Amino acid sequence: MAVSGTAYDPKGFSFLVAEQDDYGTINPNSSGSPDNAYIALDVDSIGSPNLAINQTLDVRSGSRVLQATDFFQDKLASVKELTVSGTATTQGLDLLLSHFTGDTSTPYAIASNVASSSLSTATTNQTDQQLLSIVMKSAYGSTADLAFKDCFCTNLVLSGDANSEGGRVKFSATFKSGSAVDLAFATTTIDTAISSDNYYMSGWDADDRIICGVANAVVSTFSLDITNDVVFTGVTSTGYEVATRSGEVSSTANFTVVYDNNFKGLFNTFNAQTTGASQGATLMATDATPSDGEFEFKMANSVLTDVSFNEGNVMMLDVGVKALGAGIGSSTALIEVSC
């Protein structure tokens, strides 16, 4: 085989996500039924998947050299992981938040009494974006896309910096799959291209920039981190057969804010927090309730986890908070996010 003489720009690759209906069957590409739209996420780069291949490279007794018969590899009993980051746009964020929370409409919320949920090889015609197909679309022409079925977003980080890109909201997402992958998938059609529907920190009102009950925060940076993990069990010839949302569902946020008259007492507030009690709501919004069409988030109950000085051109505070549930039997939202 001769040298091909071709090369491809990394920006020619795309990261596509679609709702998947049946566990074990990747969403079709512009054919078949159902054919759900593949949405292109606005990513900085597509990254590289962690295939988590199991290998044994130990030398067996009887030889000082690794022989071909010693080599072992398994690709089924492994959890594949993909992480991407980029700019939050309406179509991509709507899909990810609905999938991540299990909510069908904005504001997307996770309740205080959220239960474990499972999908398996017996799951068909699932709804509410519980299951995703992901394609890492190659810049090469045909049969070179990397395709992942039965995917779950397990961590979503939404962030912004007032001094970068005008406070445009960014995202980072981690996905996991316990199923076999197709590393030579037919060329995938982008059904929904990257849009210019961006979100900005400047949309928030001053009196609705609240951290643990303290309003009128002058926010320089923020980062909202939500985790809802998945555990895979029961290996088969196509990978794991059961996926369960299990473990702690958590929501934390970090802010850098101006140390001013409103926030000068935050060290004392942090020190004086009471065991078993919320310190108050944390909200970044245009009003008291996150609503459709605006990037906003709310923790109805939260506590301070860190307060520290940050010496910049003016004195700042780095502030950490964590959302609290309203009780094991309460449907009150742990976290709400709108877009």
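**Reading a predicted fold through its definitions**

Reader: What makes strand S1 (residues 14-19) largely enclosed by the rest of the structure?
Author: Six of the six residues of S1 are buried, so the strand is largely enclosed by the rest of the structure. A residue is called buried at under 20% relative accessible area, exposed at over 50% and partly exposed in between, with a 1.4 Å probe and protein chains only. A strand is a DSSP run of E of at least two residues, a helix is a run of H or I of at least four, and both are numbered from the N terminus. The model is predicted, and therefore local features need pLDDT of at least 70 and side-chain atom pairs count only at pLDDT 80 or more, while totals for chains, interfaces and linings use all residues. Residues are numbered from 1 along each chain as its sequence is written, and side-chain values use heavy atoms, with hydrogens and water left out.

Reader: How do you know whether the faces of S1 are covered?
Author: In a regular strand the side chains alternate between the two faces of the sheet. In S1, Ser14, Leu16 and Ala18 are buried on one side, and Phe15, Val17 and Glu19 are buried on the other, which leaves both faces covered.

Reader: Why are S1 and strand S9 (residues 132-137) said to pair?
Author: Two strands pair if DSSP finds at least two bridges between them. S1 and S9 have six bridges in the antiparallel sense, and therefore they meet that cut-off. Within this pairing, valine 17 has isoleucine 134 of S9 as its bridge partner. S1 also pairs with strand S2 (residues 39-40) in the antiparallel sense over two bridges, where valine 17 stands opposite isoleucine 39.

Reader: Why is lysine 149 given no salt bridge?
Author: A salt bridge asks for a side-chain nitrogen of Lys or Arg within 4 Å of a carboxyl oxygen of Asp or Glu. For lysine 149, which is buried, the nearest side chain of opposite charge is aspartate 150 at 5.2 Å, and no salt bridge is formed. Lysine 149 belongs to strand S10 (residues 145-161). Taking contact as heavy atoms within 4.5 Å, and leaving aside residues up to four places away in sequence, lysine 149 touches several residues, including Gln20, Thr25, Leu132 and Ser179.

Reader: What makes arginine 60 and aspartate 70 a salt bridge?
Author: The N to O distance between their side chains is 3.8 Å, and therefore the pair meets the salt-bridge cut-off. Aspartate 70 has 6% relative accessibility and counts as buried.

Reader: Which parts of the chain does the salt bridge between aspartate 229 and lysine 176 tie together?
Author: The two side chains meet at 3.1 Å, N to O. Aspartate 229 lies in the loop between strand S14 (219-227) and strand S15 (230-236), and lysine 176 lies in strand S11 (residues 170-177), so the pair ties together parts that are 53 residues apart in sequence. Aspartate 229, at 27% relative accessibility, counts as partly exposed, whereas lysine 176, at 16%, is buried.

Reader: How do you know whether asparagine 216 is buried or partly exposed?
Author: Asparagine 216 has 33% relative accessibility and counts as partly exposed. Asparagine 216 is placed in the loop between S13 and S14, and its phi, near 65°, is positive in a residue other than glycine. Most residues other than glycine have a negative phi, and most peptide bonds are trans.

Reader: What is the peptide bond from threonine 106 to proline 107, cis or trans?
Author: That bond has omega near 0° and is cis. Proline 107 is in the loop between helix H1 (90-101) and strand S7 (108-111).

Conventions
Lys, Arg positive; Asp, Glu negative; His and termini not counted.
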